[in-house]
Amino acid sequence: MPLLNQGTGMLRDNIRRCAKHYPDKVAFYQGDRTITWSEIYRRSSALAGALQSHGVKPGDRVAILSKECIEVYEHLFACMMLGAVRVGVNWRYSAREMLHVLKNSDVSICIVQEKLWPLIESRCNEIQEMSIDLVGLGDGHDFGMDYETLIEQAPVFTETQFSEDTALLHSYTSGTTAHPKAVILSQKAIFTEIANAPHYCEISASDRFYMPAQSAWVAVFAGALGLASGSATIIPTDSFDLESCIRDVNAHQATVALFVPAMLNVVLDALEEKGTTFQSLRTIIYGSAPATPALIRRTIDTLGVDLVQLYGMTECVAWACFLQPEDHKRALAGEKHLLRSSGRLGAFVDFKICDDSGEEVPTGEPGVIYLKGDTIMTGYLNQPEETAEVLSADGWLKTNDIGKVDSDGYVYLLDRRNFLINSGGVNVFPAQIEAILAECDIVAESSVVGVPHPRWGEAVVAAIVLRKSVSVSQTECIDRLETHCSTNLNKQECPKYFTFMDDLPRTITGKLQKNDLKTYLTDKITLPWTT
């Protein structure tokens, strides 16, 4: 599939064209609900007209507090048409964090799903003080404005002019420390990603793409990839769960699906337990966190699908690097090192690997990854100092990920800079240890961190989630883990302590919380060298 044009294109034009070219083709599936491209264009245009009649102009912020539903994308498309900024309010946030999002983004209107109002109702007076107009979505609310009524009674939307550099998304972080911070992403940034990502993910017009990621943050753009080709998107009702995932993928005959590695492990376990599979799936896209070679092999062996790995971050609209199906096949045919790679950077982004002074390092040497291109964020909202720390005047984004690039252009992520362990003066990369641990047949998942040690500075400690089928004692498990590690790792890399957990600590977006794990190990566990 050829790449679409970049540059001065507008996303609102893609919405209009999809409605014209594929009028009766389903754009979104949500449980038993469907909506065609012509219908979602009509409703999004009406919502844009309604918002416009209430004073929303290009650059104004319009928020939505909702679980997964088709209306989330009607709201997104309306913002694309208006030049307004879409602000997702994460329903998993505390009321304090939700209020911060509304205040920090200076929201003028917020659409609230009726069943979620109790989550923030305690801050009602503060919302009123900010003069935010609330629009109720669903039955039973008592807000002054109703979502369906706005659409039914909307005046005709009048197209306005705005720059491609106008902000489209304020995507807030997980909010686990202090207040969540917003990444500002422009119309051009989102357009460039939507125009290019389907090419690397092998999504075309005939595909049905299962996209279960939570839409409150930048992942919402993944639900809009159909704007590049008219493909259909399957979203969960409310949120991801195993039963509905298996039902929706099979009922709607999904051909492509997106899973984070932790989610994929759970799905594979459930399919094996039920004795079923995904007959229609051709490709699984995985990303957000590193997948181990063991999980990659298990997925291919179990489902027989093609795999596409993604690497990126919110600050570059999520995806910049892709390990494609042919790369996975080469790896399984003998080039095993490729399974530790995140693939090659897309043609829409530049990169360099630099040392601590900002100078580029030779090919194959580790350093900090820098990215540049049209997908790079404008900055962090209301945080100029934090923006300046990672975004240079000439547009380079300092990712703080440590990696290297080989002579063929394959990127190898060694770890996040702040996860690096220094044990006895030797730099140890947790991701490499986790990849080895995943090869042990008793390990479902692991997380490796460094904790204070009186002699070595830091000691390597591994938290392990065992496979459900494991029936041996923890002592036997430790013996097997120590033997496995000593066989495959050097002395500095071998964990000095193993702890077992039912689940690893994660953020509300599914990312491992290594800082929380380190705190737990330091404060709650009596380690051998602390007695």
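**Sheet, helices and side-chain contacts**

Strand β1 (residues 26–30) and strand β11 (residues 232–235) run parallel and are joined by three bridges. The model is a predicted one. Both strands belong to an open sheet of nine strands with mixed pairing.

**The sheet**

- The strand order is β2-β1-β11-β10-β12-β13-β14-β15-β16.
- At the edges are β2 (33–36) and β16 (344–345), each of which pairs on one side only.
- Gln30 has Ile235 in β11 as its bridge partner.
- Strands of a sheet pair through backbone hydrogen bonds, in either a parallel or an antiparallel way.

**Helices across the sheet**

- Helix α7 (residues 187–201) lies across β13 (283–286), β14 (306–311) and β15 (321–323), and its direction makes an angle of about 140° with β14.
- Helix α8 (residues 242–251) lies across β10 (208–210), β11 and β12 (256–259), running at about 175° to β10.

**A buried loop residue**

- Ser231 sits in the loop between β10 and β11.
- Ser231 counts as buried because its relative accessibility is 2%, and the cut-off for buried is under 20%.
- Beyond its neighbours within four places in sequence, Ser231 has contacts that include Lys25, Ala27, Trp37, Ile203 and Leu225.

**Aromatic rings**

- The whole structure holds 10 aromatic pairs.
- One of them is Tyr200 with Phe322: the ring centres are 4.6 Å apart and the planes are at 10°, so this pair is stacked.
- This pair links distant parts of the chain, since Tyr200 is in helix α7 and Phe322 is in strand β15, 122 residues apart.
- Tyr200 is buried at a relative accessible area of 10%, and Phe322 is buried at 2%.
- Phe28, Trp37, Tyr73 and Phe77 make up one aromatic cluster.

**Lysines over tryptophan rings**

- Lys67 lies over the face of Trp91, 4.3 Å from the ring centre.
- Lys352 lies over the face of Trp396, 4.5 Å from the ring centre.

**Helix α15**

- Lys514, Leu517 and Leu521 are buried in helix α15 (residues 514–523).
- These residues cover an arc of only 55° around the axis, and therefore lie on the same side of α15.
- An α-helix has 3.6 residues a turn, so residues three or four places apart point the same way.
- Among the elements that cover the buried residues of α15 are α13 (430–437), β24 (443–453), β25 (457–466) and β26 (497–500).

Note on methods
Residues numbered from 1 in each chain as written. Predicted model: local features only at pLDDT ≥ 70, side-chain atom pairs only at ≥ 80, totals over all residues. Heavy atoms only, no water. Pairing = 2+ DSSP bridges. Helix = DSSP H or I, 4+ residues; strand = E, 2+ residues; numbered from the N terminus. Contact = heavy atoms within 4.5 Å. Axes fitted to C-alpha atoms, helices over the stretch in contact; angles between N-to-C directions. Buried < 20%, exposed > 50% of the residue type's maximum accessible area, 1.4 Å probe, protein only. Arc of directions from axis to C-beta. Phe/Tyr/Trp six-rings, centres within 6.5 Å; stacked < 30°, edge-to-face > 60°. Lys NZ or Arg CZ within 6 Å of the ring centre and 35° of its normal.
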